[in-house]
Amino acid sequence: MADTEKIIEIEVLRYRPEQDKEPVWQTYKVPFTDDMSVLQGVQYIKDYLDETVSFRWSCRMAICGSCGMMIDDKPKLSCKTFLRDYYPGKLRVEALKHLPIERDLIVDATDFMKKLESIKPYIIPKEERTLAQGEYLQTPQQRDMYEQFSSCINCMLCYAACPQYGLNPKFTGPGILALMHRYNADSRDGGQAERNELGYADEGYWGCTAVGYCSEVCPKGVDPANAINQNKMNSAINYFTRFITPGGADK
Amino acid sequence: MKRSNEPIFWSLFGAGGMLAALIGPALVFITGIAVPFGLIFKPDTMSYAHMLALSQNWAGKIFILAVIALFLWHAAHRIHILLHDFGVHAVTAVRVLCYGGAFAGTVIAAYTLLMIKA
C-alpha cells in the first residue's frame, strides 16, 4: 500500500484571530488514495500534521451542508469533491467567500441564520384545520411546484457564488430566496403576503441580477436563479395590479 | 421593507428581451441580408416610399416605436446590471446614463414618428 501512495499538496488559508492579522496560506503534503475526498484530506492534516487547523464537517455524504469551502476558488462541499481530480497539481482550500472568516475554514453564519429566520421558513397554514378534519392534502402536481426548492441543505455555497451578495450583504441572497419560494409555492401555505414584503423589496428578489452561478454550484440541484426569476414576474405583476386588486395596495 | 421600483425597469427589460428574441434575428436577416442582397423580397421592399408608408400608418408607427424603444430599454438594463456585476458601482451615474439614454431614444423616436404626417 505504502509504495503506491500518492502525495498531494494542499494549501490552506489559515486565520487564527489571536495571532494572524490577516489570513495566510500554509501548505501541507498529504498522502492520499483515489477514494479520498478533500474533506478527508483536511481531516488528515488535522489528525497527523497540524491539529490547529479548524473546519466544520459532520455527515461526509453531502446532506448536512457543513463542509462547504472554496476549493481552487470554487464553492464546493469538500466531502463531495475528490483529491484525485486535482492530482498531480496542488489544490487550495479556503473559507467560503463573501462571509466573514471566524477561524481558518470556518465562516461566521450569523447573517445567513438571521435572514433564514426572517423569511418564516415553515408552512403557515392557509386554513386552520382540526385533527378531526384530517391532514392537508396535496396532489403530486402541487408538490412538484416546490419540491426541488425543498432540497436546500443551507450549505451557503450559493452565497459564496453570488456576486450580488458579495457586493451588498443586505441582499437576502439565493438560498434563502429559493427557500422562501419553496414555502410560497406550497399549496398548503398561506404566508405569501407576510413573506413577500421582503421579497418585493430591493433586498429581496430585485437584488438579483440573474448571474445564475448560484444554481451552478448548488450541490443538491436546487435552482435559486429560477426561483428568483419566477418571483420577479409575480412581484412585477403585483407592482402594477396592486391598486386594482382588493387588499393589494401597500399598507 | 420598502417596495422596489425595479419592476418598471425590469418589465421594460423583459418586454424588450422577448421582442428581441422573437423578431430581432428576423429583422437583422430581412433588413441587413435578404433585402440588400435581393433574396426572397422584391428589391424595392425597403425603398423610401415603402418605408414612409410604413411610418405613416398607425400600426407601423407603433411597431417601429416598440422595436426602437423596447430594444433600448432592454439594452439599458442589461448594461446597467452588467456594469454593476463587473464592479462599476457609480450607481446613480450609470443609471442616468443607461436609462436616460433609453428614455431619450424613446422620446426622440416617438416625436419623430408623430411628426411624419400621412
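Student: Why is D34(A) called partly exposed?

Tutor: Happy to start there, with the reminder that this is a predicted model. D34(A) has a relative accessible area of 40%. Partly exposed covers the range between the buried cut-off of under 20% and the exposed cut-off of over 50%, so D34(A) at 40% is partly exposed.

Student: What makes K6(A) and D34(A) a salt bridge?

Tutor: The closest N and O atoms of K6(A) and D34(A) are 3.0 Å apart. The rule asks for a Lys or Arg side-chain nitrogen within 4 Å of an Asp or Glu carboxyl oxygen, and the pair at 3.0 Å is therefore counted as a salt bridge. K6(A) is partly exposed because its relative accessibility is 25%.

Student: Why is that pair said to tie parts together?

Tutor: K6(A) sits in strand β1 of chain A, while D34(A) sits in the loop between β2 and α1 of chain A, so the pair ties together parts that are 28 residues apart in sequence.

Student: And what makes D50(A) and R14(A) a salt bridge?

Tutor: Their closest N and O atoms are 3.1 Å apart, which lies within the 4 Å limit. D50(A) belongs to the loop between α1 and β3 of chain A and R14(A) to strand β1 of chain A, so this pair ties together parts that are 36 residues apart in sequence.

Student: Are those two residues buried or exposed, and how do you know?

Tutor: Buried means under 20%. D50(A) has a relative accessible area of 13%, so D50(A) is buried. R14(A) comes out at 0% relative accessibility and is therefore buried too.

Student: How do you know that R143(A) and E147(A) meet in a salt bridge?

Tutor: The N to O distance between their side chains is 3.7 Å, and the limit is 4 Å. R143(A) has a relative accessible area of 35%, so R143(A) is partly exposed. E147(A) is partly exposed as well, because its value is 38%. Over all chains, the search of the whole structure finds 19 salt bridges, and E11(A), K90(A) and R92(A) are linked in a network of them.

Student: Why is T172(A) called buried?

Tutor: T172(A) has a relative accessible area of 3%, so T172(A) falls in the buried class, for which the cut-off is under 20%. You will find T172(A) in the loop between α5 and α6 of chain A.

Student: What makes its approach to E203(A) a polar contact?

Tutor: The side chain of T172(A) reaches the backbone oxygen of E203(A) at 2.6 Å, and the distance limit for a polar contact is 3.5 Å. Leaving aside neighbours within four places in sequence, T172(A) is in contact with several residues, including K115(A), Y159(A) and G204(A).

Student: How many residues make the contact between the chains?

Tutor: Chain A gives 22 residues and chain B gives 15 residues. The buried area is about 1600 Å², with 60% of it from carbon and sulfur atoms. W206(A), T209(A) and Y239(A) supply 34% of the area that chain A buries against chain B, more than any other three residues. Between chain A and chain B there are zero salt bridges, while six residue pairs are found in polar contact. On the side of chain A that touches chain B, α9(A) gives the largest share, eight residues.

Definitions and conventions. Residues numbered from 1 in each chain as written. Chains lettered and ligands numbered in written order. Predicted model: local features only at pLDDT ≥ 70, side-chain atom pairs only at ≥ 80, totals over all residues. Heavy atoms only, no water. Contact = heavy atoms within 4.5 Å. Buried area = accessible area lost by both parts, 1.4 Å probe. Polar contact = N/O pair within 3.5 Å; in protein donor to acceptor, adjacent residues only side chain to side chain. Helix = DSSP H or I, 4+ residues; strand = E, 2+ residues; numbered from the N terminus. Buried < 20%, exposed > 50% of the residue type's maximum accessible area, 1.4 Å probe, protein only.
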